Amino acid sequence: MGMIVHFGRYLNLLRETFSRPERWSIFWRRTVEEMDLLGVQSLGIVALLSAFMGAVITIQTKTNIDSPLIQAWVVGFATRQSVILEFSPTVISLILAGKVGSNIAAEIGSMRVKEQIDALDIMGVNSASYLILPKLAATTMINPFLVMISMFLGIFGGWLAGVQSGVISSEDFIMGIQTGFKPFHVTYALVKTVVFAFIITTVSAYQGYYTRGGTREVGISSTRAVVYSNVVILLANLVLTRVLLL
Amino acid sequence: MIVVEGLSKRFGNTQVLTAIDAAFHKGRVNQIIGRSGSGKSVLAKCMVGLYQPEEGRVLYEGRSFHDMEEEERRQVRQRIGMLFQGSALFDSLTVLENVMFPLRMFGTMAKSEMQDRAHECLRLVRIQEKDGLFPAQISGGMQKRVGIARAIVLEPEYLFCDEPNSGLDPQTAIVIDDLIKELTESLGTTTVVITHDMNSVMETGEHILFIHQGRKWWEGDREALLHTDNKELIEFVFAGNLMRQVKEAMTRGR
């Protein structure tokens, strides 16, 4: 099927998704459940990756710019910039696309092949809105918090590794993370995070919602969800960086 | 009453249904029978609006379903109960929550009233003691019964059952058939059962529609079915040993 047809169906699914929920109380309850499943349960992997990546960024920066012409605090500055601008919003979103995106596509795809979505439609429930909107609300609300935690842990991991390994003093690192700080960079990172959360959820939900066949096809949809979400996130990252930073 | 007029459905270049005309009566078990791949499930899915037919109409009490506004169509759907071949119960909900689901979405009752109504439906299908279990923790036959309870919880006017006996042992299949018959009589629903199980046809079929190669091939009741001279229907009905013996006994008895 052509790309235009897929895009048209994707837009149509979005239109149905943004219909008014049948029951707001059910919508909010499902949103909180999804926040736990898709957000809180991702906290462990986000924390682990962020702390270790921050540590590695600090050590690698130091080993690559080890020059008497460059002041020591630059390591802290570079770590902060790398973590806030790119690692936390983009790399963490790519990782969440793998974890959360495959989860969404597999869950909705299984419901499709087991006729549970047909059951919802026959009951008169808007299945797209019922299934996808709470996930979308959950990820767009909780992912910015995950990314803020990632930023903190990334910089903290960098500080800890830098100080413990002796590549930088605590004072120099703290001076580096304070130097030239632009609050807009955090805003830019959070805007990217919300857009990426939207992409992960809707692209994965689309793959799951239009699954046809059996369990093999659910697996294929799940894989496609991760691959397409990653590709669209990378494209959106380029566009957002161009629009917001230049 | 549901009336189907000149309904045709195609998937790509494959014509699945051609000009089907039929009427499904209130308070009766109407059965759509036919071989696998004959188009009977597609016909049912067109009737409930899961598929859009290329030609023809489906009339619910004289109103064309596919010509209705979306809101009106949703209202009709809320008067339809459907039992799916695989039961289609929600895995993450318990038996009780599955049955309560339509009430929570569309009902105006208090939670305790919803629970009472759901328990009442579970009692009707004789599975009330399993209310706290998840679908994966109960057998296929029990899942079918829960599916029926969920389908009737909003007191539907139309009840669709897609292959209600598939994958069940003969005894459980009879229990399900009896349930469908009892509920049709007690609730006065227009019941449409899609099946290729001849036991089920002989147990519950009051009005039978035989679909062959996507066309309506024959229509009648159980008695007429046993005495038909329609070649394709005879091949379908008397394909099994048991039914062949019934036919031979009938022939000897004449």
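B:Glu71 is partly exposed, with a relative accessible area of 47% (buried means under 20%, exposed over 50% and partly exposed in between, with a 1.4 Å probe and protein chains only). B:Arg74, at 18%, is buried. Their side chains meet in a salt bridge (3.6 Å, N to O); the term means a side-chain nitrogen of Lys or Arg within 4 Å of a carboxyl oxygen of Asp or Glu. Helices (H or I, at least four residues) and strands (E, at least two) are DSSP runs, numbered from the N terminus.

This is a predicted model, in which local features need pLDDT of at least 70 and side-chain atom pairs count only at pLDDT 80 or more, while totals for chains, interfaces and linings use all residues. Residues are numbered from 1 along each chain as its sequence is written, chains are lettered from A and ligands numbered from 1 in the order in which they are written, and side-chain values use heavy atoms, without hydrogens and water.

Over all chains the count is 21 salt bridges. One of them joins A:Glu107 and A:Lys135 at 2.9 Å, N to O. A:Glu107 lies in helix α4 (residues 74-113) and A:Lys135 in helix α6 (residues 127-165) of chain A, 28 residues apart. A:Glu107 is partly exposed at 27%, whereas A:Lys135 is buried at 0%.

In chain B, B:Arg57 forms a salt bridge with B:Glu5, with the closest N and O atoms 2.9 Å apart. B:Arg57 is in strand β4 (residues 55-60) and B:Glu5 in strand β1 (residues 2-11), 52 residues apart.

## A buried strand

In strand β3 (residues 29-33) of chain B, 5 of 5 residues are buried. B:Val29, B:Gln31 and B:Ile33 point one way, and B:Asn30 and B:Ile32 the other. In a regular strand the side chains alternate between the two faces of the sheet.

Two strands pair if DSSP finds at least two bridges between them. β3(B) runs parallel to β8 (residues 190-195) of chain B, joined by 5 bridges, and B:Gln31 has B:Val193 as its bridge partner there.

## Between the chains

Chain A and chain B share 3 salt bridges. B:Lys45 and A:Glu115 meet in a salt bridge at 3.4 Å, N to O.
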